[in-house]
Amino acid sequence: MLTTDDRINLAKHALLTYTKSEETGKNFSLENEETPTEVREFYNNLHVFEAGKKEIDYCHVFLNESAKKAVVAFRGTTSDEGKSLADWMNNMKQILVQYSKDRPDNVIHEGYNNSIEGLRSVKNKHSNSIEQLLNTWKAEGKATKIHITGHSKGGALAGLFAARISDVFGKENTHVVTFAAPKLGNEKFKEYYDSLVGEHHRYENVYDLVPQLPLVNMGLGRARALAIKTFIPAAKVLFQDTDDKFVHLGKRAVLSVDEKVKSLFSNIDENKYYKAAVAASFISSVKTVKFKFKAVPGECINQHGMEKYLGFLQSR
């Protein structure tokens, strides 16, 4: 079981994927107080992987040999002006595709699958892929368990990656903590995922719209969805392949700045939560203030940041 300190540490790893240090050349700063202590102590054990169009997909892989633990952290959608559009276009590839040929009924988000397969195929400066590193650490006894995390898009990637590599460390030693993760696949994939991963905590803020994505559910059959994908590429941004409905992975845990809201939303079922959270996030997004002729979004955007999630988790 993951402790509270474990979860906070993973939140810091998730935040770390968004920062960059010119001193180290890696995506973290030794001087930042939010940098996990283990990274400060063993920074040479951190490996960076980038993939996708304009390198929109990013993760770091870390070894804490003293704790016999590997950590993999995935970045969410980048805000880099040169990469952001490409990243969002990949997020909008919402057609559900097969998870594997031997499990045709298990379907997942096309864009996120592209991201994970891209990251799995690249190698670091030492010519190692992510899985080669993990298998080597496991074989040498340096890591006996793995912790996987990510924020926003990175949360979806964390779940998918956990399913892909669960056989390396085994179910009971594969632990996942995600923040503001969108939905990834259908119910059948979730059932299969639950059989592979021992522990998955999914943190959400009720004012954050991203965990409720994709929103669209147009009732399209798979054949029609594939026709749209084939003949009208731009239309797949608007449609979900809904012979199967997108669902979340992991056990939901509600975080919020408002304790009454957190209590209310923690005790309702998934379907009611989904509808209520969408309403709450939309209402909060309407609350704007004017500043230099720009509308500043309300809680819907403000509460999505990984810094917010880390703060909420630390204050629990």
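This is a predicted model: local features need pLDDT of at least 70, side-chain atom pairs count only at pLDDT 80 or more; totals for chains, interfaces and linings use all residues.
**Entry 1**

Setting aside residues up to four places away in sequence, I listed what P211 touches: A180, A181, P182, K183, E204, H248 and Y309. For one of these, A181, I took the C-alpha separation from P211, which is 5.1 Å although the two residues stand 30 apart along the chain.

**Entry 2: the chain as a whole**

I then stepped back to the overall figures. The chain has 316 residues, 54% of which count as buried, and its secondary structure comprises twelve helices and eleven strands. Considering contacts between residues at least 6 apart in sequence, I find that 67% of them join residues at least 24 apart. For the accessible surface I have about 15,000 Å², with 52% of this belonging to carbon and sulfur atoms.

**Entry 3: the sheet**

Next I traced the open sheet, in which seven strands follow the order β1-β2-β3-β6-β7-β8-β9 with mixed pairing. At its edges I find β1 (46-51) and β9 (251-255), each of which pairs on one side only. From one strand to the next, the twist averages 15 degrees.

I checked two of the pairings in detail. Strand β3 (residues 69-74) runs parallel to strand β6 (residues 145-151), and six bridges hold the pairing; within it, A70 has I146 of β6 as its bridge partner. Helix α6 (residues 153-169) packs on the sheet, where it touches β2 (57-64), β3, β6 and β7 (174-179), and its direction makes about 165 degrees with that of β6. The pairing of β6 with β7 is likewise parallel and spans six bridges, and here the partner of I148 is V176 in β7.

Is β7 enclosed or open to the outside? I count it as largely enclosed by the rest of the structure, because six of its six residues are buried. Both faces of β7 are covered, with T174, V176 and T178 buried on one side and H175, V177 and F179 buried on the other.

**Entry 4: an edge-strand residue**

I looked up H47, which is found in strand β1. With a relative accessibility of 13%, H47 falls under the 20% limit and therefore counts as buried. Leaving aside neighbours within four places in sequence, I find H47 in contact with C59, H60, V61, N124, H126, L133 and W137. From H47 to K123 the C-alpha distance is 9.9 Å, across 76 residues of sequence.

**Entry 5: aromatic rings**

The count of aromatic pairs comes to six.

Elsewhere I noted a cluster in which ring pairs link Y99, F189, Y192 and Y193. At Y192 I also found the charged end of R103, which sits over the ring at 3.7 Å from its centre.

**Entry 6: positive phi values**

Lastly I turned to backbone angles, since most residues other than glycine have a negative phi. Two exceptions went into the notebook. E55, in the loop between β1 and β2, has a phi near 55 degrees; at 39% relative accessibility, E55 counts as partly exposed. S152, in the loop between β6 and α6, has a phi near 60 degrees, and with 7% relative accessibility S152 counts as buried.

Notes:
Residues are numbered from 1 along each chain as its sequence is written. Side-chain values use heavy atoms; hydrogens and water are left out. Helices (H or I, at least four residues) and strands (E, at least two) are DSSP runs, numbered from the N terminus. Buried means under 20% relative accessible area, exposed over 50%, partly exposed in between (1.4 Å probe, protein chains only). Contact means heavy atoms within 4.5 Å. Accessible areas come from the Shrake-Rupley method with a 1.4 Å probe; for residues, only the protein chains shown count as cover. Two strands pair if DSSP finds at least two bridges between them. Axes are lines fitted to C-alpha atoms, for helices over the stretch in contact, and angles run from 0 to 180 degrees between N-to-C directions. Rings of Phe, Tyr and Trp (its six-membered ring) pair if their centres lie within 6.5 Å; planes under 30 degrees apart count as stacked, over 60 as edge-to-face and the rest as tilted. A charge sits over a ring if NZ of Lys or CZ of Arg is within 6 Å of the ring centre and within 35 degrees of the ring normal.
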